[in-house]
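Have the viewer open as you read.

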Amino acid sequence: MSEQFEPHPGGGYYANTDFMPMDSWRILRIMSEFVESFETMSRMPDNLVAVFGSARTPEDSPDYQAARQTGAMLVKAGYGVITGGGPGIMGAANRGAKEAGGRAIGLNIELPMEQHPNEYQTDSLSFRYFFIRKVCFLKYASGVIVFPGGFGTLDELAEVLTMIQTRKINPIPVILVGKKFWNGFLHWIKETLVSAGMISEFDQGLYHLVDSAEDAVSYLQACHRYGRNGTVRSENK
């Protein structure tokens, strides 16, 4: 049985099932999660690359092997890896980074299913709120590599593209891996969103499609050949 608070003026009781009885108190939990994550991530190197992808990808999948290879190649190229900390593509990228002797950061989220922290994280944070986790990904990433995934992966991709499109963050490389998987989606963007005027033709240049780990890391390095940009715009610091 859940603990009960004292009766409030409107009658009845507040059930202590969600930290505090009023939304105003929930702000404190949100604030504490921001403070803890910012303090931890601000001590990390500034050469981190976020890798997104499905938690459901099995280890014998070519996508898993490509993500693992990507994690290793990123470390050898001087980067660290941030993932969502779960299994599948996330575990593969963390695994490759850790095996290569680099930083394998996991931004874990509390979920009723699928999210089980992978064993390859060198640094781990735990989040209750998706939106705080998203801020952490974007604030500290100098590039994003996106493997095939479901709603969560599409949500993360759309968030990054929206933030770049609206100039809320500095542009960073957004690299999609897997032409067979992404071609239909990109065709829909061109034939539906662009044609209907929902986005501009220029917006199709916010992402780059490749078909291998080598191509992804090579393109990332080409984008950074004159230095890396952080995502935080100077006026927002």
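## Ground rules

This is a predicted model, where local features need pLDDT of at least 70 and side-chain atom pairs count only at pLDDT 80 or more, while totals for chains, interfaces and linings use all residues. Residues are numbered from 1 along each chain as its sequence is written, and side-chain values use heavy atoms, with hydrogens and water left out.

Helices are DSSP runs (H or I, at least four residues), numbered from the N terminus.

## α1 against α4

Start with α1, residues 23–41: this helix packs on α4 at an angle of about 25°, the axes 10 Å apart. Axes here are lines fitted to C-alpha atoms over the stretch in contact, with angles from 0 to 180 degrees between N-to-C directions. That makes α1 roughly parallel to α4 (the label goes to angles under 35 degrees). Their crossing is right-handed, meaning the near helix is turned clockwise from the far one by less than a right angle.

On the α1 side, the contact (heavy atoms within 4.5 Å) uses Ile30, Glu33, Phe34, Ser37, Phe38 and Met41, and α4 brings Phe131, Ile132, Val135, Cys136, Lys139 and Tyr140. Sorted by class, that's nine nonpolar, one polar and two charged residues; Ala, Val, Leu, Ile, Met, Phe, Trp, Tyr, Cys and Pro count as nonpolar, Asp, Glu, Lys and Arg as charged, and the others, Gly among them, as polar.

## α2 and its two partners

Helix α2 (residues 62–76) packs on α3 (residues 89–99) at about 35°, with axes 7 Å apart, in a right-handed crossing. Among the contact residues are Ala67, Gly71 and Ala72 of α2 and Gly91, Ala92, Ala93 and Gly96 of α3. The whole contact splits into eight nonpolar, three polar and four charged residues.

With α7 (residues 213–223), α2 again makes an angle of about 35°, and here the axes lie 9 Å apart. This crossing is right-handed too. Ala66, Gln69, Thr70, Met73 and Leu74 of α2 meet Ala213, Glu214, Val217 and Leu220 of α7, giving six nonpolar, two polar and one charged.

## The cavity

How many cavities of 30 Å³ or more are there? The count is one, where a cavity is a set of points on a 1 Å grid over the protein atoms alone where a 1.4 Å probe fits but cannot get out.

Conventions
1 Å grid on protein atoms, 1.4 Å probe; cavity = no way out; pocket = protein on both sides within 12 Å on 5 of 7 lines; lining within 4 Å. Points joined across faces, edges and corners; volume = space filled by probe spheres on them. Helix = DSSP H or I, 4+ residues; strand = E, 2+ residues; numbered from the N terminus. Parallel < 35°, antiparallel > 145°, perpendicular 65-115°, else oblique.
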